[in-house]
Amino acid sequence: MIVKFLNSNSSFNGVSYNTNKMDKDKGELMKTENFGYLQNIPNVMPEEYKNYLRAWSSTNSSITDKQLHVVLSAEGREYDKKQLTNMADAFMKAMGYGGNPYMTVFHNDTNNNHVHIVSSRIDHNGKKIHDSFEHKRAMTAIQKIIDNDINYSTVALVQKAFDYNISTVPQFKLLFEQSGYSVSYNDKEMTLRKYDDIQQKISMDKVNNLIAKSIIDGVRVQQLKAIFQKYKSRVDTAVKIVYEPSKYDSKKKPIGYTSEFAALLKQKFGVEIVFHGKDGKEPYGYTVIDYKTNSVLKGGEILPLKELLNNSGSKIESNKPNPPINISIDGFKEKEASVKIFGSRLGNITFTAIPKEQLALINVVLKSALYEYNSLGEGLSRHQIEVLSDKKELFVFDKRNNVVIDAKRVLSASDYALMARRSGIKLPQKEKEILLHTDTSKAYSLKGILKNHGAATYQFEKDAKPSYFIELIKFDGTSKIVWGIDLKRAIAQSGYQIGDNVQLNFKGSNAVQIQVPVKDEQGKITHFEDKVVNRNDWEISAPYENSEPDHYNNDNTAAQTQRSSDQRSSVENSTHDENLLLDAIQGFELSIADDIDDEQINGRNRRRSRKARVNTR
């Protein structure tokens, strides 16, 4: 376990750093403590936490760096997020910060599980908390926390293990391996290791005595066999590989197996199936841990693996027509959406009043699915909730009660957006766009071999605005780099790869009226304003010689075709003319970047600069 103190300041930017991780699904807020009135308010904004910490710390004006930002990092996955959160609480108390407001955020973007703690170095009396020999005291504190935790839990686990009925030493060993211990044994003793240290040694005489006196409950075996037979025809028994968490897909290692069938049995009956295999290959056997009766059984004693995985019953079941879905709703909006979502599967629709308590419960389980599980799908499945879309908005289907609710009624705006993003559901943008006019006067085409493309600052200059570039090798062997924000969409939409012969078509610029949010000083949206922005329109196609792009819209088609053909010929024959035209397009692109920047800076009046740009166009 590593403790690291990060840079201190008085702006409490550690809050923003962690909430940004959360917005990118790389962090999870595990706990806030001692934040007073903010403790019971849902969806607190980062700035509110920062303001609270600033106010708390304002009682001491002599200290300049008031933020405490600490990282507790485990080795690999030795501790999960809940264990690290508990350690963070104990650590803050041990270091004298237990009474201060602090937040704990779990990060999952590295190979090592870790939490960030952000707090104030000022106590409730306005005094700075003692920080002499801070790192040394921190390591001593965390080691004491680990020792107390692991010693207690290991002793309790060993005592519990001797209450089980087992028939082999590997079954006894499995009980500890399922709790994260590395286990080895010889004729004399079994050694339990965790966190790079020996936690306990168990006499093999005691283990052998346990095996000798253990009795297999034949009645329970028959019960389990009946359960297996019943549910294997209802649930998919296909085995899936479980990989070690990693942000690098190529480095993910297989660490076990699971299946929908196994998950159901553990949740419904307290029976865990442990598949045995190697290096992600097909499992060769399985063991059953029955927590209800404290028994460990060979899987073959209940149902042979081949028979368990031969899920012919589910295939027959899947060929049967799906039963109609009967739902309860309390509004016509939900009715219209349900018709679109369920289609022919929709059965009876019942209009009924949905109690506030039920809406509150749906809100709680949705938040649980968003923030308390490794994936949204896992959380929704656990709570028997589905998030559906009618291609316009999100709706919640409570499968326990067959209720369909508009998701906006049970989710805050931020949670609604997060739910859509994690569900992979694309919703239409809120801004209403109106195309005012299109300017094709600078329409232009450039042919060549696609050499490179990507996001970068304009002209690769350090302080320039973000943009996107495409590099072409023209047929005369020279290289040309073209810049444009819309090029990213165009290249993705075209499907062309590096090395392909392509034609880059600048189709013109569009003047578009959109609605942009205006925020107050606290960052909250107060209203929307109309704004006209310009957007360049790019297209990437196969090279063509005499065909005319479809973006020239003059009534005299023949005359225009001749004129544009002459224009292209002139441009291709004159590098000077080509550069002039591209420079004009790129200059216009920069002005568009300014407009986009304006969209993102809400509440600021920059009309004068925009007028100046318009006058120069």
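Predicted model: local features only at pLDDT ≥ 70, side-chain atom pairs only at ≥ 80, totals over all residues.
Residues are numbered from 1 along each chain as its sequence is written, and side-chain values use heavy atoms, with hydrogens and water left out.

Let me begin with the open sheet of five strands, ordered 1-3-5-4-2 with antiparallel pairing; strands here are DSSP runs of E with at least two residues, helices are runs of H or I with at least four, both numbered from the N terminus, and two strands pair if DSSP finds at least two bridges between them. Strand 1 (2-5) and strand 2 (27-33) each have a single partner strand, so one side of each is left without a neighbour in the sheet. The twist averages 20 degrees from one strand to the next, where axes are lines fitted to C-alpha atoms, for helices over the stretch in contact, and angles run from 0 to 180 degrees between N-to-C directions. Strand 4 (residues 102-107) is joined to strand 5 (residues 114-120) by six bridges, and valine 105 stands opposite histidine 116 in strand 5. Helix 3 (residues 81-94) lies across strands 1, 2, 3, 4 and 5, at about 30 degrees to strand 5.

The other open sheet has three strands in the order 11-12-13, again antiparallel. Helix 5 (residues 169-177) packs on this sheet, touching strand 11, strand 12 and strand 13, with contact meaning heavy atoms within 4.5 Å.
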